[in-house]
Every structure is written in structure tokens, then in C-alpha cells.
Amino acid sequence: MNDTKAPDGPDDFSGLFFACQSTPSACASPDISILLQRCGRFDAMGFTQADFSACCDSAFAHNGKARECVYFRPTEWTARRISVFPVSHSPKPKYTVRDWAQFASVDQVDIARVSVHSIDASSFDYRTISKLSIVDADLETITTPPSPTLNVIDVSNNRLKAFPTYLFSPTQPTIAQLNIYGNPWHPSVSVDASECNRMQVAVDSGHITGLPLDCSCSSSAPTCTFPSLTSTPAPSTSTGAPVAVVTRPATSSPSPPPASARISTPTPPATVTPTATNLLLSKPTPSTTGTISTQPPPASFATLQITASPITNNSAITDQKTAVASADDSSMTGTILLVCMMVLVLGLAAVALILYRRRQRIVANPNVLSGFEMVAMSSRNAPFNNGAAAPSKAQLLRKTSSSAVLTSSTLLPLSKQPSRDMPSVPTISPDHVKLLHSISRTRFSGKFQGEKVVLKRWDAPNQAAVASLVADIQAMAQLEHPQLLIVFGLVRFGEFDVSAVAEFMHCGSLPRVLFKHDVALSWPDQLSMCYQVAAALAYMHSQPNYSRGTNCLTSRDILVNSTLQCKLDVLDFVQATPAITSPEFSYGGASLAWEAPEVLTHNCARSSSAEMYSLGVILGEIVTRARPYQSWIQSVGTTVSDIRIRDPTTMTWPHENHPELESSPRYFKALVAACLSRDVLRRPLAVNVAETLQREMALLKRNYG
């Protein structure tokens, strides 16, 4: 009963590529077909719905990995931007610019941090490009054809030596910005008169950025030069003080000084009596500049150079003593700082060890009981009216060991780490999974080990999000309950693609079954469905620190298999982005009917109490086989209905006065009314609802067989 048509609207960007791969003649545009052929296959690509971009690893990168992304214009689905960059943690790859000219409507090209030797007229279709950015790409040559739209070029941080003077020829359009920073340009640029004048105008108007450029266009041989590249530093002359070189032993024990020192001056040398610190001093005459020539000190001596004014030998010795004392003080200060840092590190390590051991003692006992496991009828049983035995109350409320309930210090998705007592969900090779067709924007049917499965995929923005998604799927896969969707494993079709492989529910979502009136459902069937939904929700509510997160529980989160068994879709708990603390609403999205009044009116978080209200709406759906607020939707549409639902003065119930609900047993109407109570404290627990329904199922079976 699943919908087999691949979506083709702007809300399902990735579906356009899936449909193009499945039926090449149905491609939404030639550019989508070209990119699909360039990437090889749909499951090797990543998609971002917000900016309509599609990316894949490049087949033209060597000595590393590069990512190619193409951004599309919605509705017409033509390429508007090309972007090439290296994959994270990959060495700088060598990239060959190839086959991009097939995209005829691109207006921006960005290539960064990949090694590109040259850009020429055949690299792209330049007719519509307005910005060309080749940054940090080791570019050595660039030649672009005349284009009426190309007016912004960035070639910063490359290896260009010959300045692209052709950009300022009369056949080229006016350059609005040319960034030339970080290239080993030739200091002088030869230009003709027309190019020189246009370059001078560009320099004066600030259109050439990155390096100052001076042009001389009045001479017979016009030239442009880079002042910062042609200027050389003036030679440094010292007319001041001589340099005193002080040497001292590297260790604390004194060492003998050198036997002699040679001091070269135009006048006879002045002899200085050696001391323990060996001061070498030259005494300049009025005609000298204080140049000193000495033999290098021994290897075991540290050399300290200081500058002093012309002094006598005695005053030099005094300054030498001051310098040595200052050096000793600096050494002592450094030693004290080093000792303090070591003490601080050891202290922090000790505190961390104490906290770690305390935490280990808290979680060391594996026999601590936590939570309740709701054990309902096996998913292999037939529907209730086929004689399946209802579980006992002891089965319904069986306490489990800590291995059956994942501990968590965060909100659901439960834990970022798999349970200590259970194996991790396997990672399946993409070659073992065959995609069949698209069910929705993020779900696909497929085959795994000969069995039909469903795949839900997420596009992660970065590696941290990939790790979070994998951890969430691992946590969901370890939950064991007959009324929870079984997750077989996860599969990675690309670097930023994460897909979960789960059991295929042949009848689709619960509304698909309820709204097909050719599907006969007796009262025992409906009662069994209600019980299965309540049992699944009770089990989820038993998990520590449970929270629904960003999505409201609706009947679409309940899936039905071929034997009419209902299962809660645990993949709905997996968050592709960090969970928000306050709920978000959208009118016309067909979900506000399941939201609790306190969530709609006061923006309260979606707690387990709020989900009890959602459960009451779902129980009413199962019995009435109608959407909540069906009469409003038929008369004014979904958007206006959602506005009415969020109005705090609205007192209408989702299934008010519906004949099927009114004719149901009294206990059932009371149960639904309790779940829909506007007083949060009056709503029952999910385990109480499941227990009541289980008891009534047992009575019905005993009385009527």
C-alpha cells in the first residue's frame, strides 16, 4: 500500500535525482542528469534541501579527496553555482578541471584548497559566469575568454607569476573586482597603452585589490610595477654603541674562561683581563662604528649579546655583572613557573581520577532494576479476532534488568553510547542493500538478504552530525519490544549520508489503514490496535529521561504490517540536528491536532504527559476511522483548522460527537476523555491505559471466544 511515485516538488530535492536515476527520461532538467552521470549513482550523493545543493566525491581528484557541489535554481532546476573543495582531513588533492562546460547557466564558480594547474577557455561555459574564485589552488596560469558577465575574479594565494593583463584589453568587460593577493608576481608588468590606461583606472577606483600597483602610461613603453615587490630594504649602518658579548657556562659550576680574546679595531687593541664570565668588549675610536670581531665561544658556554654605550673596561665589567644577575633571575623565574604548572597538572589529574572512580561506583552494579518493559503480543501473532491469546498482566508489567533499559544522561534519543550488555547494530555494506523505489522524501523501499526492507536516510552537515546520527540509530536499534519497529542495521552510501535499515511494514502508516474503508476492522481488531499503541508508548515512557524532542506524536508515527499489527516508528526519535528546547509549529502541516493544549498555548516542552493527549487523539482515530477535527478540515481546510486548534478559547474535542466514539463502550470513552483532559495531572499513565485495554481484551476473549 506504499506510494511508489517519486516526489518531484521543491520539498523533495533528493527525490528528483532518484527519479532521474530510475527513469532517465523523467529527469527534471538536463543539469540534474549531467550531475547524476558525473557522480555515478544516486546513493553516492549528498543533498541539502535548504539551498538545493547536491554533492559527491570527485572522480578527478588525485593524491587526496575532493568534494564537488552544484547548487540549483528551484522550479527550473538549472545549475547556478559550482563549488569544489577538499574533504575534511584529506591532504591537498590535485584536481583536474574537466567536463564542467556542460553546465550552461552557471553564474558562480568557487574552487578552493585543491591543487589546480591552470584555468583556460575550455574549463567552463563562461557565457553566464559573473564570479570566478580560484583561491589557494596552486594556480599557475589563467586564461578566460571575453565574457559580458564575468566581472569578479579572485585568484588570491596561488602561484601566478605573469599578471593577467588580457583582462584589461578593450575586448574584455570592465572588471569590478580582481583580488591578486598572495602570488609571486613579476615585479614589472609589460602592457600596451590601452591596457595600461584601463589598469590605471581599475587601480584608482579600487577594483584591483590585494597588492598596490603603480602604472606609468605616459612613456613610450608603458609599464606597471608592484612597489612592494620592487623595493629593497636600505642597508643598516650602526653609528652608536658597540656590542658586548657575554658568555657564561650552561651549568651552575664555573668553567675556565677562554685563554685570549682578539678585538679588531683600526687602533691597537685594548686588552681586557679575563673574568669568570669572559667579557669581550671593543673600544671604538672616533673613526670606527664599534664593529667587533671575536672568536666563537666554547660550545659549553651560553652567549648573551647586549648593547651598551662606549664605556671603560671597569664600567663594562659592572654592566656585565648586572646582565648575568638578570639572566640568573630569569632562569629562576622560569623554573618556578615550570614547577607550578607541573603541580597544577598533577592536581587536576588527581581530581579527575577521583571523579571517575566515584562515577564507576555509581554504575558498577548491573543488577539494579530500572524501568518497566511492556511485553505485548508477539508481532508474529495473528490479529485479535483470529484467536491470538492476550498477554497476562504479569507479562504486561514485567520488570527488566538494566540491560533492557538504556541509561541516559540526556534527552531522547536515549543514549549516545550503546548498552554495555548488548551488541552494536551492524553496519551493512551498500552492496548488500538494493534500493527499489522512493516512498517519501527520506524513505525508500529496498531489499536486504532477500527480504523487503525500508531505508530512512539523513544528510548530515558535518562529521559530528554523522557521529550523532549513528549513535542515535544504535540506541534505537537496541530497544526491544514487540510493538517497536525492528532496526536491522545502518548503511552509509556517502561520507555525510546515514541510512537506517528497518523492517518493511506492508500496510504503511496507521491512517492508510484506517481511511481505507474496504479494510474491514471489527471492534476486537480496533481494541487490539489501541492496546498495541499504548503498550509501545508505555515502554518508551519507561526509558530514563524520556523526551519526545522536536516531533509531535501522531498516528503517522504508527506503522502497520500485513497482519494488522501496529508498531511505533522508533526512527522518528533520531534527530539529524540538535533538539530544540521549545516546540515549533507550522500551520497547515496536519500535526497540531495531536498537540496537547499546554504545548500549543504555553509552549511547554513535549513531555510524556503531552503524549498522553496525543494517545487519546490516536485512540479516537482508531475507533472513528476519521481524522481529528474532520468536519473543520472539510469545511475550511487544514490551515484555518490549525489556527482554530491553537486558539486558547477553542473547547471542541478532536472527535467530538462522532457516532462511532459515542457508541463505543463506556470504559473506552472514559479512557479517551481522561487522555484528552486539559488538566495535565488528570491524564493517566500509558502503562495504566495499556493495562486497562489488556484487561478488557482478556474479558472480551473469555466471554466471546
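This section describes the fold, helix packing and selected residues of a predicted model.

Residues are numbered from 1 along each chain as its sequence is written, and side-chain values use heavy atoms, with hydrogens and water left out. Because the model is predicted, local features need pLDDT of at least 70 and side-chain atom pairs count only at pLDDT 80 or more, whereas totals for chains, interfaces and linings use all residues.

The secondary structure comes to 16 helices and 30 strands. These are DSSP runs numbered from the N terminus, with helices (H or I) of at least four residues and strands (E) of at least two. The protein has 705 residues, of which 45% are buried. Buried means under 20% relative accessible area, exposed over 50%, and partly exposed in between, with a 1.4 Å probe and protein chains only. Among contacts (heavy atoms within 4.5 Å) with a separation of 6 or more, 63% join residues 24 or more positions apart.

The UniProt record, an unreviewed entry, places a "transmembrane region" at residues 336-356. UniProt positions follow the numbering used here, feature names are shortened, and annotations may be inferred rather than shown by experiment. In the model, residues 336-356 are 100% helix and 0% strand. The end C-alpha atoms of this stretch lie 31 Å apart.

Helix H1 spans residues 13-22. It is largely enclosed by the rest of the structure, because 8 of its 10 residues are buried. The buried residues are Phe 13, Ser 14, Gly 15, Leu 16, Phe 17, Phe 18, Ala 19 and Cys 20.

Two packed helices are described by the angle between their axes and the distance between the axes. Axes are lines fitted to C-alpha atoms, for helices over the stretch in contact, and angles run from 0 to 180 degrees between N-to-C directions. Helix H9 (residues 523-541) packs with H16 (residues 686-704). Their axes come within 8 Å and cross at roughly 150 degrees. H9 is therefore roughly antiparallel to H16. Angles over 145 degrees count as roughly antiparallel, under 35 as roughly parallel, 65 to 115 as roughly perpendicular and the rest as oblique. H9 passes H16 in a left-handed crossing. A crossing is left-handed if the near helix is turned anticlockwise from the far one by less than a right angle, and right-handed if clockwise. From H9, the contributors include Trp 523, Leu 527, Tyr 531 and Leu 537. From H16, they include Val 689, Leu 693, Met 697 and Leu 700. By class, the contact of H9 with H16 has 16 nonpolar, 3 polar and 1 charged residues. Ala, Val, Leu, Ile, Met, Phe, Trp, Tyr, Cys and Pro count as nonpolar, Asp, Glu, Lys and Arg as charged, and the others, Gly among them, as polar.

H9 also packs with helix H11 (residues 608-624). Here the angle is about 165 degrees and the axes are 10 Å apart. H9 and H11 are therefore roughly antiparallel to each other. H9 passes H11 in a right-handed crossing. Residues of H9 in this contact include Gln 526, Met 529, Val 533 and Leu 537. Those of H11 include Met 612, Leu 615, Leu 619 and Ile 622. The contact of H9 with H11 has 12 nonpolar, 3 polar and 1 charged residues.

Lys 516 sits in the loop between helix H8 (510-514) and H9. Lys 516 is partly exposed, at 36% relative accessibility. Its C-alpha atom is 8.8 Å from that of Arg 625, 109 residues apart along the chain.

Strand E24 (residues 443-448) holds Ser 445. Ser 445 is buried, at 0% relative accessibility. Cys 69 lies in strand E4 (residues 66-72). Cys 69 is buried, with a relative accessible area of 3%. Among its contacts, not counting residues up to four places away in sequence, are Cys 55, Arg 81 and Phe 85.

Most residues other than glycine have a negative phi. Phe 52 has a positive phi, near 55 degrees. Phe 52 lies in the loop between strand E1 (46-48) and strand E2 (53-57), and is buried at 15% relative accessible area. Gln 449 also has a positive phi, of about 55 degrees. Gln 449 lies in the loop between E24 and strand E25 (451-459), and is exposed at 67% relative accessibility.
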